Every structure is written in C-alpha cells, then in structure tokens.
Amino acid sequence: CLNFLRRFFIARRLLHHIHDHHKLAKEQWGGIPGRTAIDLVMSKEMMTTILHLQRKNGAITDVDATACYDRMVPALIWLGYFKAGATWNIVQLFVLALLNMQYFIVTAFGTSLLANQHSTLSQFLGPGQGATDAPFAWALLSTYLICAYNKQARGCKLKDPTGAITWKRAIEMFVDDSYLFHALLSCIGAIALMALITHDISKWSKLLWTSGGAINFTKSFYTMVIWTFTADGIAKITLNDDLPANTVTINNPSKPTERQSIKRKCATTASKTLGVFKAADLSQTGEFKHLKQKAEKFTKALVSCPLSHMHAWLAYMTVFIPGVTYSSPTTSLTEEQCDKLEKIVKPALVKKLGLPDTFPNLMLYAEKYFGGIGLLQLFAEQGMNQMLLFMRHIRAQTELGDQITIGLRYYELQAGLSTCVL
C-alpha cells in the first residue's frame, strides 16, 4: 500500500508535474522521462571533440557517488517533495511510516522474531529497499545540488565560430555518475587547470556530503587534454608522463584531517562511461575491444545452446544487435572494424538459421521485403543511429543539440566552408 502511494503520488504525478513545468535540472539525465544514458555519453564525446577542433586545453572529471539511494537523508527527501508541490498530508504519511514501520527478515525457515526500526540512535537513511519513488527522489535532490554547484563551479564555456551559439556547463549527471567539465578559459596551462579541477571537485564533494552522499575515490578520476605544438605547428596531446605531477587533492569529508588524491588518467586510456569505453584522444580502440568481447561471448553462447531457427533469430535481434549498437550513436568505427565484428558472429549464426556456409552475403544482408534474410550491417546501423540522435536533438533545439551544432560548425570551418550549413 505504501509503495503504491509512492508510485502514484510521487513517481508519477509529482514527477510529471515538475517535468512539465521544466523544474528538474537539465544536467540530470537519469530517472527523468525522455532522457537516456547514451545522450549523456554523446554530450561528453562532443565536449572532447570540440576541445580537439579548437585545440583548447580542458579536462573532464568522472565522479562516482557511493550508494546514492541508500545514503539520502529522509528529511531532505520529504522537504524536497513538499517544496516541489506534494501535499503536506502525504509527506506526513511517509514520515510517520518511516518512524513506526518495523522490518522483519523472512527466509525459508520462517519470519524473524526481532525487527529493525528507525530510532534516534539507529537512524534509517534512504527511501527504503525497493521504494518506487527512489529514482525521482534522487533526481529531485540532485537538482538542488546541481543548482548550488552551478553557482560556485567554474565549469566550461564553448562557442561556435560565429559566436551565435553558446554552450555552458559545469556538470552532467546520470543518477549517481557525475561528470565535471573544466574548460572556462581559452588558454590555460596544466598547473592552472589542475587548480581549477581541485576547486570544482571540492565544491561537489561538499555538496554531496551535505545531502548524505560521498565520493567513491577508488572510481573517481580526471583526464586532461593539454595541447603541445611542434616546431612545424603540428598539435599533439600531451601524454600523462609528460604532464606536471598530479596536484589534485581534496579534503575527505568523512576524515576531515586527511586529504584524498584524485587519480589522473592518460588521454590515451579508455575509461567506461555508462557502458561505453571512451578516451580523451577520441580513439575507438577501447570500445572496439569491448564490442569484440561482446560478439565473442554471444557467439559462444549461440554455439553451446540448442536453439531452433526462430530462437536463434530472436537471440540475434534481441540480444546481439541491441548490445552491439547501444554505443553506435557515439562511436566512429571504420567499416573494416564493423566487418570484423560481423565475421565473429556470422558463421555460427548462419548454421543456427539452417543456411549453408556458402550462402551469399548479398542475400544474407538483403531486406526480407526483397527475399533476403535481413541481417543488419553494423556500419550502416552506426551511421543511421548517429543521424537519428543528431536530428532529434537539433530539431528539438535541446542544449545537446546546440553542442552538436557547435561541433558541426567547427567541422565546416575546417572543411573550408565560408558559411554555416546548419
């Protein structure tokens, strides 16, 4: 009953009420209708791409929060609901339920005689296990945190070549994964940039701590894009070993007397961003290796499982294709790399579909409408998914659309066009 009230009044009515009035932070991509993880990956990719096109120094900090749902302070959740428009009686109901509810452990041997209950000495944090309003609660709390952070952080500011479009951002989030952007000045050195990173991540760490959260220092790191120019004027990204020593350290809120160092990764090292491996030098090697492992794992499962023709086709369309093409809107794999991924799966799939090994590729990849089998070409799917994402955001005039337009205009400038196509 309590979960139904949370789902109906909070996770549905209150969420859509705030979303319709544009009161949730644009920087939060998780737990909000119409926003997806791959859009955030594209935002991070476009940020790095524009730094490359402008030959501008900058950095991105990947911050992971520790158990954001379980560490939320209930008082902040209820006050946030009330401020967002929830009635006082429903908020009081949630408060009284937290204070009086008892939790028993149920196993195959029966129900425990003792129970856990909220008390002054043993306070419960978070909305509770399996709470249906937990994603919205964090989206709402993170909105307040983002608004406070934007007033203190330096962030970054990007413009298109004409100066008509400006994109400002200090942070992007997907649930508890946050990405801090640092590229405010047009010309900044590595030492000054590390001081800027220290300032911004310190502010975010304090805000997370006030809400009950904390930074997971083992998973948090930053990557810098620092350009150096040869005597011939050729720009190169400075490797980690050639950069000044890492000076990014912040106070640990849980241990105020200690300072915690934030790891620095090389621009050539691919790191996982919401399921996609991305490197600051824009190389696709890390993601290609990841997709290759996915293809090999699927092929192994396909060979070992006794599937019928229909089930093999369903496995291909519902498991392999979504898994491999999830990152395709943000990748730039070559046609040769896409062919290598297809060749891993093709022999086992053709046999499972009951086709001979000599079956021609033209019929294998042809549309079913024209009598073909209908396998998908990954290189074509990559281009189509990129165009769909670009058109969706540019036509909707979102901030990600502005970011994409800025990048496209710099590409047009480098191509020698005197006027903007878009």
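Two strands pair if DSSP finds at least two bridges between them; β10 and β15 meet this criterion with three bridges, in the parallel sense. The legends below describe close-up views of a predicted model.

**View 1. Parallel pairing of β10 with β15 in the predicted model.** The two strands are joined over three bridges. Within this pair, T223 stands opposite K265 of β15. Strands of a sheet pair through backbone hydrogen bonds, either parallel or antiparallel.

**View 2. The open five-stranded sheet, with strand order β8-β9-β1-β10-β15.** The pairing in this sheet is mixed. The edge positions are held by β8 (171-174) and β15 (263-265); each has a single partner strand, so one side of each lacks a neighbour in the sheet. On average, and with direction ignored, neighbouring strands are turned by 20° against each other.

**View 3. Antiparallel pairing of β8 with β9.** Strand β9 comprises residues 177-182 and is connected to β8 by four bridges.

**View 4. Strand β10 and its burial.** Five of the five residues of β10 are buried, and both faces of the strand are covered. F221, T223 and V225 lie on one side, with Y222 and M224 on the other. β10 is joined to β1 by five bridges in the antiparallel sense, and V225 of β10 is the bridge partner of G58.

**View 5. Packing of helix α11 on helix α12.** Helix α11 spans residues 378-396 and helix α12 spans residues 399-415. The crossing of α11 and α12 is left-handed. On α11 the contact is made by L389, F390, H393 and I394, and on α12 by L400, G401, I404, T405 and L408. By class, this contact of α11 with α12 has six nonpolar and three polar residues, with no charged residues.

Definitions and conventions
Residues are numbered from 1 along each chain as its sequence is written. This is a predicted model: local features need pLDDT of at least 70, side-chain atom pairs count only at pLDDT 80 or more; totals for chains, interfaces and linings use all residues. Side-chain values use heavy atoms; hydrogens and water are left out. Axes are lines fitted to C-alpha atoms, for helices over the stretch in contact, and angles run from 0 to 180 degrees between N-to-C directions. A crossing is left-handed if the near helix is turned anticlockwise from the far one by less than a right angle, and right-handed if clockwise. Contact means heavy atoms within 4.5 Å. Ala, Val, Leu, Ile, Met, Phe, Trp, Tyr, Cys and Pro count as nonpolar, Asp, Glu, Lys and Arg as charged, and the others, Gly among them, as polar. Buried means under 20% relative accessible area, exposed over 50%, partly exposed in between (1.4 Å probe, protein chains only).
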